[in-house]
Amino acid sequence: MAQADDREAEALAAAEHSDVTFLCLGLDSSIEGEQGDAGNAQAAGDKTDLRLPGHQQQLLDKLLALGKPIVLILTAGSALTLGGAETNPNLKAILDVWYPGALGGVAVADLVFGKVSPSGKLPVTFYRTTEELPSFTDYRMTGRTYRYMTHEALYPFGYGLTYSHVTLSDAELTGERAYQGVAVTITNTGDTAIEEVVQVYAHVDSDLAPLHPRLVAFQRVALAAGASQRVALTLAPDAFSVVSTLGKP
(Lines give C-alpha, C1' and ligand atoms only; values in the text may rest on other atoms or scores of the structure.)
Protein backbone atom coordinates (compact mmCIF):
# COMPACT_ATOMS: atom_id res chain seq x y z
CA MET A 1 0.00 0.00 0.00
CA ALA A 2 2.75 2.45 0.96
CA GLN A 3 4.71 1.57 -2.17
CA ALA A 4 1.68 2.28 -4.36
CA ASP A 5 1.08 5.60 -2.59
CA ASP A 6 4.73 6.55 -3.16
CA ARG A 7 4.39 5.91 -6.88
CA GLU A 8 1.23 8.03 -7.01
CA ALA A 9 3.03 10.92 -5.31
CA GLU A 10 5.90 10.63 -7.79
CA ALA A 11 3.48 10.65 -10.74
CA LEU A 12 1.62 13.67 -9.39
CA ALA A 13 4.87 15.58 -8.80
CA ALA A 14 6.05 14.85 -12.33
CA ALA A 15 2.71 15.91 -13.81
CA GLU A 16 2.70 19.16 -11.87
CA HIS A 17 5.96 20.14 -13.60
CA SER A 18 4.87 18.99 -17.07
CA ASP A 19 2.88 20.66 -19.83
CA VAL A 20 1.29 17.38 -20.96
CA THR A 21 1.13 14.01 -19.21
CA PHE A 22 1.24 10.72 -21.12
CA LEU A 23 -0.28 8.23 -18.70
CA CYS A 24 0.00 4.46 -19.24
CA LEU A 25 -2.63 2.37 -17.45
CA GLY A 26 -4.34 -0.96 -18.04
CA LEU A 27 -4.10 -4.69 -17.51
CA ASP A 28 -1.65 -7.54 -17.93
CA SER A 29 -1.77 -11.34 -17.95
CA SER A 30 -1.95 -11.46 -14.14
CA ILE A 31 -5.42 -9.89 -14.34
CA GLU A 32 -6.87 -11.33 -17.54
CA GLY A 33 -5.98 -14.46 -19.46
CA GLU A 34 -7.11 -17.80 -20.80
CA GLN A 35 -7.14 -19.45 -17.39
CA GLY A 36 -6.79 -18.65 -13.71
CA ASP A 37 -3.38 -17.76 -12.36
CA ALA A 38 -1.84 -16.40 -9.19
CA GLY A 39 -3.32 -12.96 -9.79
CA ASN A 40 -6.93 -13.90 -10.52
CA ALA A 41 -7.37 -17.57 -9.73
CA GLN A 42 -10.87 -17.05 -8.33
CA ALA A 43 -11.99 -15.46 -11.59
CA ALA A 44 -10.63 -18.37 -13.68
CA GLY A 45 -8.84 -15.95 -15.97
CA ASP A 46 -11.80 -13.58 -16.37
CA LYS A 47 -12.09 -10.03 -15.07
CA THR A 48 -14.74 -9.46 -12.43
CA ASP A 49 -15.71 -6.03 -13.81
CA LEU A 50 -14.72 -3.36 -16.36
CA ARG A 51 -12.99 -0.94 -13.99
CA LEU A 52 -9.32 -0.05 -13.87
CA PRO A 53 -7.60 -2.30 -11.32
CA GLY A 54 -5.87 -1.36 -8.09
CA HIS A 55 -5.05 2.33 -7.57
CA GLN A 56 -5.17 3.19 -11.26
CA GLN A 57 -8.54 4.98 -11.19
CA GLN A 58 -7.46 6.94 -8.13
CA LEU A 59 -4.26 8.00 -9.88
CA LEU A 60 -6.15 9.04 -13.03
CA ASP A 61 -8.63 11.12 -11.01
CA LYS A 62 -5.86 12.88 -9.09
CA LEU A 63 -3.95 13.70 -12.26
CA LEU A 64 -7.07 15.05 -13.97
CA ALA A 65 -7.71 17.26 -10.95
CA LEU A 66 -4.43 19.07 -11.65
CA GLY A 67 -6.12 20.74 -14.61
CA LYS A 68 -3.44 19.81 -17.13
CA PRO A 69 -3.92 17.88 -20.39
CA ILE A 70 -3.56 14.09 -20.23
CA VAL A 71 -3.11 11.58 -23.03
CA LEU A 72 -4.15 8.17 -21.71
CA ILE A 73 -2.54 5.06 -23.20
CA LEU A 74 -4.45 1.90 -22.29
CA THR A 75 -3.00 -1.60 -22.53
CA ALA A 76 -5.47 -4.46 -22.23
CA GLY A 77 -6.97 -7.35 -24.11
CA SER A 78 -10.54 -6.32 -23.38
CA ALA A 79 -12.83 -3.38 -22.66
CA LEU A 80 -12.16 -1.01 -19.76
CA THR A 81 -14.09 1.88 -18.22
CA LEU A 82 -12.65 4.98 -16.57
CA GLY A 83 -15.21 5.71 -13.87
CA GLY A 84 -16.78 8.57 -15.81
CA ALA A 85 -13.43 10.22 -16.57
CA GLU A 86 -14.01 9.61 -20.28
CA THR A 87 -15.79 12.97 -20.51
CA ASN A 88 -13.34 14.94 -18.35
CA PRO A 89 -12.18 17.98 -20.36
CA ASN A 90 -8.58 17.43 -19.25
CA LEU A 91 -8.52 13.95 -20.79
CA LYS A 92 -7.54 15.03 -24.29
CA ALA A 93 -7.11 11.62 -25.90
CA ILE A 94 -7.47 7.90 -25.18
CA LEU A 95 -5.25 5.55 -27.16
CA ASP A 96 -6.17 1.89 -26.73
CA VAL A 97 -3.08 -0.08 -27.76
CA TRP A 98 -4.24 -3.52 -26.55
CA TYR A 99 -1.09 -5.67 -26.02
CA PRO A 100 1.18 -4.15 -28.66
CA GLY A 101 4.26 -6.39 -28.36
CA ALA A 102 7.97 -5.63 -28.32
CA LEU A 103 7.75 -2.70 -30.76
CA GLY A 104 4.60 -1.28 -29.22
CA GLY A 105 6.46 1.68 -27.76
CA VAL A 106 7.73 2.68 -31.19
CA ALA A 107 4.24 2.40 -32.67
CA VAL A 108 2.73 4.50 -29.88
CA ALA A 109 5.45 7.15 -30.33
CA ASP A 110 4.69 7.34 -34.05
CA LEU A 111 1.04 8.01 -33.20
CA VAL A 112 1.39 10.51 -30.37
CA PHE A 113 3.99 12.56 -32.25
CA GLY A 114 1.93 12.61 -35.44
CA LYS A 115 4.15 10.50 -37.70
CA VAL A 116 1.06 8.45 -38.57
CA SER A 117 -2.64 8.91 -37.89
CA PRO A 118 -4.64 6.42 -35.78
CA SER A 119 -6.87 4.24 -37.92
CA GLY A 120 -7.97 1.28 -35.80
CA LYS A 121 -11.62 0.52 -35.09
CA LEU A 122 -12.92 -1.26 -32.01
CA PRO A 123 -13.46 -5.00 -32.61
CA VAL A 124 -15.61 -5.26 -29.48
CA THR A 125 -18.28 -3.22 -27.72
CA PHE A 126 -17.22 -1.19 -24.69
CA TYR A 127 -20.13 -1.47 -22.24
CA ARG A 128 -20.63 1.15 -19.54
CA THR A 129 -21.01 -1.43 -16.75
CA THR A 130 -21.27 -5.18 -16.33
CA GLU A 131 -24.58 -4.66 -14.50
CA GLU A 132 -26.34 -4.03 -17.82
CA LEU A 133 -25.27 -7.45 -19.13
CA PRO A 134 -27.24 -10.69 -18.65
CA SER A 135 -26.11 -13.22 -16.09
CA PHE A 136 -22.86 -15.04 -16.92
CA THR A 137 -24.82 -18.29 -16.87
CA ASP A 138 -27.31 -16.97 -19.46
CA TYR A 139 -25.97 -18.07 -22.85
CA ARG A 140 -28.54 -16.24 -24.95
CA MET A 141 -27.41 -13.31 -27.12
CA THR A 142 -30.10 -11.01 -25.73
CA GLY A 143 -28.47 -7.79 -24.51
CA ARG A 144 -25.00 -8.80 -25.72
CA THR A 145 -22.69 -7.34 -28.38
CA TYR A 146 -23.44 -4.43 -30.67
CA ARG A 147 -26.05 -6.50 -32.50
CA TYR A 148 -28.32 -7.19 -29.52
CA MET A 149 -27.54 -4.66 -26.76
CA THR A 150 -30.35 -2.38 -25.58
CA HIS A 151 -28.26 0.07 -23.52
CA GLU A 152 -26.09 2.83 -24.95
CA ALA A 153 -22.49 1.72 -25.38
CA LEU A 154 -19.62 3.60 -23.80
CA TYR A 155 -17.78 3.16 -27.11
CA PRO A 156 -19.58 1.18 -29.83
CA PHE A 157 -18.21 -1.62 -31.97
CA GLY A 158 -16.42 -0.14 -34.99
CA TYR A 159 -15.60 3.17 -33.25
CA GLY A 160 -12.28 4.88 -33.81
CA LEU A 161 -10.89 8.34 -34.55
CA THR A 162 -8.19 9.76 -36.82
CA TYR A 163 -6.30 13.06 -36.86
CA SER A 164 -8.63 14.39 -39.54
CA HIS A 165 -12.29 14.44 -40.50
CA VAL A 166 -13.86 12.43 -43.29
CA THR A 167 -17.21 12.57 -45.07
CA LEU A 168 -19.09 9.91 -47.00
CA SER A 169 -21.30 10.86 -49.93
CA ASP A 170 -23.11 9.53 -53.02
CA ALA A 171 -23.64 6.02 -51.66
CA GLU A 172 -25.32 3.57 -54.03
CA LEU A 173 -26.01 -0.13 -54.40
CA THR A 174 -24.04 -1.83 -57.16
CA GLY A 175 -23.95 -5.15 -59.01
CA GLU A 176 -26.07 -7.03 -61.48
CA ARG A 177 -28.27 -8.30 -58.67
CA ALA A 178 -29.63 -6.13 -55.86
CA TYR A 179 -27.40 -5.73 -52.85
CA GLN A 180 -24.27 -7.25 -54.39
CA GLY A 181 -22.19 -4.27 -53.41
CA VAL A 182 -22.02 -0.69 -52.20
CA ALA A 183 -20.10 2.22 -53.70
CA VAL A 184 -19.42 5.44 -51.80
CA THR A 185 -17.19 8.50 -52.10
CA ILE A 186 -14.96 9.16 -49.10
CA THR A 187 -13.35 12.58 -48.66
CA ASN A 188 -10.63 13.68 -46.26
CA THR A 189 -11.73 17.22 -45.43
CA GLY A 190 -8.81 17.91 -43.08
CA ASP A 191 -5.17 18.82 -43.56
CA THR A 192 -3.62 15.52 -42.38
CA ALA A 193 -3.00 12.37 -44.40
CA ILE A 194 -4.89 9.44 -42.88
CA GLU A 195 -6.14 5.91 -43.29
CA GLU A 196 -9.85 5.40 -42.68
CA VAL A 197 -11.90 2.22 -42.52
CA VAL A 198 -15.18 2.43 -44.43
CA GLN A 199 -17.79 0.18 -42.80
CA VAL A 200 -21.08 -1.12 -44.20
CA TYR A 201 -23.84 -2.28 -41.85
CA ALA A 202 -27.01 -4.07 -42.95
CA HIS A 203 -30.30 -4.90 -41.31
CA VAL A 204 -33.04 -7.27 -42.46
CA ASP A 205 -36.68 -6.56 -41.69
CA SER A 206 -37.36 -9.89 -40.00
CA ASP A 207 -38.19 -11.11 -36.52
CA LEU A 208 -35.27 -13.52 -36.92
CA ALA A 209 -32.73 -10.77 -37.59
CA PRO A 210 -30.47 -9.28 -34.92
CA LEU A 211 -31.88 -6.25 -33.12
CA HIS A 212 -29.37 -3.86 -34.72
CA PRO A 213 -27.59 -3.70 -38.11
CA ARG A 214 -24.52 -5.92 -38.38
CA LEU A 215 -21.20 -5.32 -40.08
CA VAL A 216 -21.23 -6.87 -43.57
CA ALA A 217 -18.25 -5.22 -45.30
CA PHE A 218 -15.32 -2.93 -44.62
CA GLN A 219 -12.31 -1.53 -46.45
CA ARG A 220 -9.26 0.46 -45.39
CA VAL A 221 -8.60 3.55 -47.50
CA ALA A 222 -5.51 5.79 -47.52
CA LEU A 223 -6.31 9.45 -48.19
CA ALA A 224 -4.01 12.43 -48.56
CA ALA A 225 -5.16 15.73 -47.06
CA GLY A 226 -8.12 17.05 -49.04
CA ALA A 227 -8.32 13.94 -51.23
CA SER A 228 -11.42 12.00 -52.32
CA GLN A 229 -11.77 8.42 -53.48
CA ARG A 230 -14.62 6.32 -54.83
CA VAL A 231 -14.69 3.04 -52.90
CA ALA A 232 -16.49 -0.13 -53.96
CA LEU A 233 -17.27 -2.75 -51.33
CA THR A 234 -18.51 -6.24 -52.17
CA LEU A 235 -21.19 -7.76 -49.98
CA ALA A 236 -21.11 -11.46 -49.13
CA PRO A 237 -24.10 -13.55 -50.29
CA ASP A 238 -25.31 -13.89 -46.70
CA ALA A 239 -25.22 -10.15 -45.97
CA PHE A 240 -29.01 -9.98 -45.94
CA SER A 241 -29.79 -13.50 -44.79
CA VAL A 242 -31.19 -14.56 -41.42
CA VAL A 243 -31.08 -17.85 -39.58
CA SER A 244 -34.15 -19.57 -38.19
CA THR A 245 -34.44 -21.06 -34.72
CA LEU A 246 -33.64 -24.40 -36.36
CA GLY A 247 -30.34 -23.06 -37.68
CA LYS A 248 -31.54 -22.85 -41.28
CA PRO A 249 -30.79 -19.76 -43.46
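V20 sits in the loop that joins helix 1 (2–16) to strand 1. Helices (H or I, at least four residues) and strands (E, at least two) are DSSP runs, numbered from the N terminus. The model is predicted: local features need pLDDT of at least 70, side-chain atom pairs count only at pLDDT 80 or more, and totals for chains, interfaces and linings use all residues. Residues are numbered from 1 along each chain as its sequence is written, and side-chain values use heavy atoms, with hydrogens and water left out.

V20 counts as partly exposed because its relative accessibility is 40%. Buried means under 20% relative accessible area, exposed means over 50%, and partly exposed lies in between (1.4 Å probe, protein chains only). Not counting residues up to four places away in sequence, V20 touches P69 and V71. Contact here means heavy atoms within 4.5 Å. S228 lies 208 residues from V20 in sequence, and the two C-alpha atoms are 34 Å apart in space.

The protein chain contains four helices and eight strands. Their order along the sequence is α-β-α-β-β-α-α-β-β-β-β-β. Along the principal axes, the C-alpha atoms fill a box of roughly 70 × 50 × 30 Å. Of the 249 residues in the chain, 36% are buried. Among contacts with a separation of 6 or more, 61% come from residues 24 or more positions apart.

An open sheet is built from three strands in the order 1-2-3, with parallel pairing. Its edge strands, strand 1 (21–26) and strand 3 (91–96), each pair on one side only. Neighbouring strands of the sheet are turned by 20° against each other on average, direction ignored. Two strands pair if DSSP finds at least two bridges between them. Strand 1 and strand 2 (residues 70–75) are joined in the parallel sense by six bridges. L25 has L74, in strand 2, as its bridge partner. Helix 2 (residues 56–64) packs on this sheet and touches strand 1, strand 2 and strand 3. The direction of helix 2 makes about 165° with that of strand 1. Axes are lines fitted to C-alpha atoms, for helices over the stretch in contact, and angles run from 0 to 180 degrees between N-to-C directions.

The largest pocket holds about 940 Å³ of space. A pocket is an open set of points on a 1 Å grid over the protein atoms alone, where a 1.4 Å probe fits, with protein on both sides within 12 Å along at least five of seven lines; lining residues have an atom within 4 Å of a point. Grid points are joined across faces, edges and corners, and the volume is the space filled by probe spheres set on the points. The pocket is lined by 31 residues, and those closest to its centre are I94, L95, D96, P118 and L161. At least two lining residues come from each of strand 2, strand 3, helix 3 (104–112) and strand 6 (194–202). Strand 3 gives the most, with five residues. The lining comprises 22 nonpolar, five polar and four charged residues.

T145 belongs to helix 4 (residues 145–148). Because its relative accessibility is 25%, T145 counts as partly exposed. D170 is placed in strand 4 (residues 166–174). D170 counts as exposed because its relative accessibility is 57%.

Terms used
Nonpolar A, V, L, I, M, F, W, Y, C, P; charged D, E, K, R; others polar.
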